[in-house]
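Open the model in a viewer and keep the selection tool at hand. The tour below says what to select next and what is there.

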Amino acid sequence: MPAKKLTVSRMFNSSVAMLFLNTIALLILSVTHLKALAAENEDAKKFVGQNVLIDLTRFGERIYGEPDQVAGAKLADLKGDTLQNPDELGPYLEGDLLIPNGKQLPFRNGLIAYSARWPGAVVPYEIDGRFKEKELAVINKAFKEYHTKTCIRFKPRSSEDDYIVITSDNTGCWSSLGRLGGRQVVNLQSTLCFRNYGTTMHELMHALGFMHEQNRSERDSYIRVLSQNVKNGAMVNFQKGSALEQYAFGIPYDYASVMHYSKTSFSKNGKPTIEALHLF
Ligand SMILES: [Zn+2]
């Protein structure tokens, strides 16, 4: 074989060998990495390969805390003539978002940045509150509305690991965001949270993973936040989401959404904090 041809042939063989070895090494690394991931956290395995995560990173640590009995008692004394919805008045992030301490998902980085959707759109529930009959009727009406208008199904829990429990504690109207795993609370303080039917729908939407409409990533094309009227320290409640974290499934911005706050939410002086940019 001529010398030149031999050199080319050796180079070719050498390149193929290197490529082969690199591929094998990458495969071994990938498999090892995946095994390490799975071994590191059994809970995380549930979500691997499924497009079910809900990104909560923008809320940071502020979404964690404890249900507030004192605030609940204060809210119970509110007069019924306020224009604001009771879910906007709570001491929690954006008024009504709370993941109780201890409910953090044990993801690898220790930062609780994700929750999840409900598999098959089925949400097992328990009702464990001292609700009046008409309040129970409101909760059942909300379930029925979900069942007739959406693919979501709320069903009484049998033995499912992950479920919501609807409670009536004096801690306001609040919910976590999405499925946290295990038992998670949707609190509807009796009778405060039943002033408006929409509050029950609203808190259940949070449990499904929906966030507030006025904080959608593209909201600046639809509303203006009037910061001069916002209570000191409350601008955090108007923090916009990122288009990378949230997806509206093609549904346009909706001023009339049950997830949209009222125009005086978090106002320090009774003047508007949210101004619509379009007539509707
Ligand atoms: Zn809310």
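Start with the zinc ion: Asp96 (OD), Asp96 (OD), His202 (NE2), His206 (NE2) and His212 (NE2) coordinate this ion at 2.0 to 2.4 Å. Donors here are N, O and S atoms within 2.8 Å of the metal (3.2 Å for Na, K and Ca), and water is not among the atoms, so sites may look incomplete. Along the chain, the zinc donors follow the spacing D-x105-H-x3-H-x5-H. This is a predicted model, in which local features need pLDDT of at least 70 and side-chain atom pairs count only at pLDDT 80 or more, while totals for chains, interfaces and linings use all residues. Residues are numbered from 1 along each chain as its sequence is written, and side-chain values use heavy atoms, with hydrogens and water left out.

Select His206 and His212 next; both are buried, a word that means under 20% relative accessible area, with exposed over 50% and partly exposed in between (1.4 Å probe, protein chains only).

Move to Glu203, in helix α5. Helices (H or I, at least four residues) and strands (E, at least two) are DSSP runs, numbered from the N terminus. UniProt, in an unreviewed entry, places the feature "active site" at Glu203; UniProt positions are given in the numbering used here, feature names are shortened, and annotations may be inferred rather than shown by experiment. Why does Glu203 count as buried? Because its relative accessibility is 0%. Leaving aside neighbours within four places in sequence, Glu203 is in contact (heavy atoms within 4.5 Å) with Asp87, Asp96, Cys173, Trp174, Ser175, Val186 and Leu188.

Now show the largest nonpolar core, which has 26 residues; Tyr146, Phe154, Ile164, Ile166, Leu188, Leu204 and Leu208 touch the most other members. Helix α5 (197–208) is one of the elements that supply at least two residues each, and α5 gives the most, with five residues. Such a core is a set of buried Ala, Val, Leu, Ile, Met, Phe, Trp, Tyr and Cys residues joined through side-chain atoms within 4.5 Å. Select Leu204: beyond its neighbours within four places in sequence, its contacts are Ala142, Phe143, Tyr146, Phe154, Ile164 and Ile166.

Finish at strand β5 (residues 122–127), which pairs with strand β6 (residues 153–156) in the parallel sense over four bridges. Two strands pair if DSSP finds at least two bridges between them. Tyr125 stands opposite Pro156 in β6. β5 also pairs with strand β7 (residues 163–167), in the parallel sense over three bridges, and there Ile127 stands opposite Ile166.
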